Amino acid sequence: MAQFFAMGGYARFVWPAYGVAALVLVGLLAHSLIGYRRAQRALDAEERR
Amino acid sequence: MSGFAALLTRDLRLAFRQGGDVANVVAFFALAVILFPFGVGPDPDLMARIAAGVLWVTALLAALLSLERLFDADYQDGSLEALSLMPVPLEIQVLAKCAAHWLTTGLPLTIIAPLLALVLHFDAAGYPALIAALLLGTPVLSLIGAIGAALTLGARRAGVLLSLLVLPLYIPVLIFGVAASEAAALGLESRPHLLLLAALLAGSLALAPWAAAAALRQAFE
Amino acid sequence: MQRFANPARFMRLSAMLLPWSAIAAAVLIAIGFYGALFIAPPDYQQGEAVKIMYVHVPSAWLASLVYAVMAVASAVALIWRHPLAHIAAESAAPIGACFTFVCLATGSLWGEPMWGTWWVWDARLTSVLVLFFLYIGFIALANAFDDRTRGSRAAAILAIVGVVNLPIIKFSVDWWNTLHQKASVFRMGGPTIATSMLWPLLVIAAGFLFLFAVLLMLRMRTALLRAKLRALRFGT
């Protein structure tokens with residue numbers, strides 16, 4: 001386990017790399033979903049008027 | 001061809017009537033270059049090493065300064081739209097504007113550059129290549145800059161936007177221009193870099209008028 | 001309602017495709033990264049640092065692919081005036097920018113232990129940085145005009161002009177002496193990378209491709225909903 005996290009001594013490069021990728025891509029997904037829900041809700045509200 | 005010549009002389013006449021533009025560009029170039037010895041210290045070896053880069057970057061920035069006004073004045077007073085209705089193709093008109101821009105920006109910069117290179121202790125062996133590279137590279141700056149200027153006509157914060165769009169496209173010119181100048185200064189072969197610059201010039205002569213004209217057309221819609 | 005005829009078809013199609021694409025993306029990415037982290041062997045030269053490849057390379061592929069999609073959509077928008085095409089290009093741009101950023105960041109983290117430097121101005125890295133600035137420029141240009149249509153068209157022209165960068169990115173490692181290594185997957189004569197490393201790489205890339213599809217459809221649907229909202233509020 002510890003060996004896995006140590007990544008042969010390269011841990012301080014490998015994990016930040018995976019971290020950046022996850023952060024950016026999940027962040028983009030979240031941003032897209034939130035924008036979508038917001039637009040949906042606004043449109044529903046407008047159509048009900 | 002007569003249309004091209006007519007438009008070129010018109011733009012040149014306008015530029016010289018205003019007078020300020022050429023002086024602005026040359027003054028900025030000279031002042032920016034002269035600042036570097038003060039900034040990095042007077043060590044001649046250090047300056048000789050960065051000379052090519054400094055000259056090219058400041059030439060680039062100086063060319064960028066006058067790009068915003070390439071189409072702007074004519075766009076604001078409606079003469080650009082009137083000109084687009086002329087039988088001369090819009091692409092040729094763009095070429096004429098680029099030629100006028102280069103004659104009032106790139107060419108003066110190329111002429112001044114050797115003098116400024118002296119200040120930076122640029123190696124004498126590099127002068128021919130430096131001038132050749134600038135002669136090939138500065139028209140490319142005008143051509144690519146025309147695309148940016150046409151795209152940002154009437155945009156908010158057009159100046160910043162223009163720089164953002166144009167500078168990444170300038171990077172290859174900068175890389176090869178500096179490479180050619182430095183290679184010659186070090187006594188190495190500069191021909192490959194100069195040939196690449198020539199290729200960039202040929203490519204942008206073909207592509208830029210078309211792209212800039214397309215951008216201008218949708219500015220009129 | 002004539003203007004919404006095509007968008008309605010897209011809304012129906014994307015409503016069908018979205019859940020399946022999302023599942024495909026999740027499954028492929030999960031399997032791919034499990035394979036990358038737990039099954040694939042370390043590199044005999046790079047050791048475990050090679051694990052960065054599994055995020056870096058697929059992001060790089062997507063960075064260029066998304067730009068190609070953006071450029072094609074822009075061409076369609078300008079030539080055929082298809083209303084969805086501008087929306088497709090503008091929805092793709094932020095996705096491409098994100099993949100390019102991930103590519104640059106992970107590449108930098110890979111470069112420091114392997115090359116001894118966080119950055120080098122070789123042809124490959126420089127052209128990918130230019131790609132990133134093209135994405136940013138596209139987004140900035142599209143949003144820079146009061147007349148949104150003008151912005152869309154200007155950005156579309158920029159996207160097409162920037163296509164010259166794609167072959168430069170691809171062939172930079174062949175045309176110049178770059179620090180960045182040469183192609184080991186997409187090359188004449190087939191991949192030179194070990195199969196045990198290739199399959200997780202390809203699975204992750206496929207997962208990223210479905211992720212792109214999900215993100216693109218989401219953002220296009222959002223744009224269309226917003227357009228409908230504007231039409232309702234301010235009259236068609």
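A residue counts as buried here if 20 or more other C-beta atoms lie within 10 Å of its own, as exposed if there are 12 or fewer, and as partly exposed in between, with C-beta atoms placed from the backbone. All the views come from a predicted model, where local features need pLDDT of at least 70 and side-chain atom pairs count only at pLDDT 80 or more, while totals for chains, interfaces and linings use all residues. Residues are numbered from 1 along each chain as its sequence is written, and chains are lettered from A in the order in which they are written.

**View 1. Chain A on its own, with 20% of its 49 residues buried.** Chain A has two helices and zero strands; helices (H or I, at least four residues) and strands (E, at least two) are DSSP runs, numbered from the N terminus.

**View 2. Chain A against chain C, the pair of chains that shares the most contacts of the two pairs that touch.** Two residues are in contact if their C-beta atoms, placed from the backbone, lie within 7 Å. On that basis, 23 residues of chain A meet 30 residues of chain C. The chain A side splits into 18 nonpolar, four polar and one charged. Here Ala, Val, Leu, Ile, Met, Phe, Trp, Tyr, Cys and Pro count as nonpolar, Asp, Glu, Lys and Arg as charged, and the others, Gly among them, as polar. Don't look for chain B touching chain A: no contact joins them, and their closest C-alpha atoms are 23 Å apart.

**View 3. Chain C against chain B, with 16 residues of chain C in contact with 15 of chain B.** On the chain C side, α4 (123–142) and α5 (148–161) each supply at least two residues. The largest share, eight residues, is from α4(C). By class, this side of chain C has 12 nonpolar, two polar and two charged residues.

**View 4. The largest nonpolar core, at 164 residues.** Such a core is a set of buried Ala, Val, Leu, Ile, Met, Phe, Trp, Tyr and Cys residues joined through C-beta atoms within 7 Å. B:A215 and C:L141 have the most contacts inside the core, and helix α7 (residues 195–234) of chain C gives the most to it, 17 residues. Zoom in on C:L141 and, leaving aside neighbours within four places in sequence, its contacts are B:L151, B:L161, B:L165, C:G151, C:A154, C:A155 and C:L158.
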